[in-house]
Amino acid sequence: MTASFMKLRRLASLVLYCAALGVSPLASAEPPAAGEPAEAAPRAGELNYRSTGQRQPQITQLSDGGQQILLSCLLSRPGQIQRYAVSCPGTKQLDVKVADCCIPGDHWQVKVKSWDFKPNTAVATAPGGDGDFSAPARVFTYSSSRDMNALIECSYLHGVNVFPAESFLLVESSGGACSVTDVGITEEIDRSP
């Protein structure tokens with residue numbers, strides 16, 4: 001086995017062990033390799049989330065008949081996944097982008113799953129800058145009614161490790177008005193896709 005594979009295997013074991021104990025394995029992460037930039041350290045008193053009043057979904061109707069919905073993903077620790085169920089009648093595709101909220105250096109993942117007779121999944125990761133959105137994770141529906149039913153999953157990959165931590169989710173539909181239901185947070189290790 002190669003050295004990098006062994007290193008990855010030890011890291012995976014550490015993550016599973018720490019998850020079972022409810023401890024963050026990110027605190028023991030190795031320093032960046034030579035030539036890689038170090039993550040930005042948070043300033044004293046700096047929070048990694050917005051106030052509750054700023055966390056409400058924001059809906060914008062687009063001129064082409066589509067819709068944008070800005071959601072929040074607030075996690076208390078690594079190993080949690082925030083889920084939203086989305087239903088969009090008359091929509092052929094759904095794009096979801098993710099961005100770090102508050103302290104630059106956190107990397108987030110968004111996964112979108114669509115179920116019909118041709119299920120599909122898309123994954124995107126935030127680049128780590130404060131407010132920099134990822135490329136869209138795009139799923140399609142192949143039903144003749146073009147009614148999109150999807151599940152959005154948001155998880156924390158790595159970064160400055162200051163919790164609670166928040167990210168933004170930007171949901172864009174190509175058709176009618178969507179409804180979003182907060183399905184809640186689960187404690188699990190995300191397995192992509």
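Predicted model: local features only at pLDDT ≥ 70, side-chain atom pairs only at ≥ 80, totals over all residues.

Residues are numbered from 1 along each chain as its sequence is written, and side-chain values use heavy atoms, with hydrogens and water left out.

**Exercise 1.** State how many salt bridges the structure holds.

Solution. Apply the criterion: a side-chain nitrogen of Lys or Arg within 4 Å of a carboxyl oxygen of Asp or Glu.

**Exercise 2.** Locate the partners of the salt bridge between Arg 77 and Glu 187.

Solution. Begin with the distance: the closest N and O atoms are 2.9 Å apart. Next, place the residues: Arg 77 lies in the loop between strands E2 (67–75) and E3 (80–88), and Glu 187 in strand E10 (residues 179–187), 110 residues apart. Strands (E) are DSSP runs of at least two residues, numbered from the N terminus.

**Exercise 3.** Determine which residues form salt bridges with Glu 153.

Solution. First, Glu 153 pairs with Arg 83, the closest N and O atoms being 2.7 Å apart. Glu 153 belongs to strand E8 (residues 148–158) and Arg 83 to strand E3, 70 residues apart. Both are buried, that is, under 20% relative accessible area (1.4 Å probe, protein chains only). Second, Lys 111 pairs with Glu 153 at 3.8 Å between the closest N and O atoms. Lys 111 lies in strand E5 (residues 107–114), so this pair ties together parts 42 residues apart in sequence. Finally, Arg 83, Lys 111, Lys 113, Glu 153 and Glu 188 are linked in a network of salt bridges.

Notes:
Helix = DSSP H or I, 4+ residues; strand = E, 2+ residues; numbered from the N terminus. Buried < 20%, exposed > 50% of the residue type's maximum accessible area, 1.4 Å probe, protein only.
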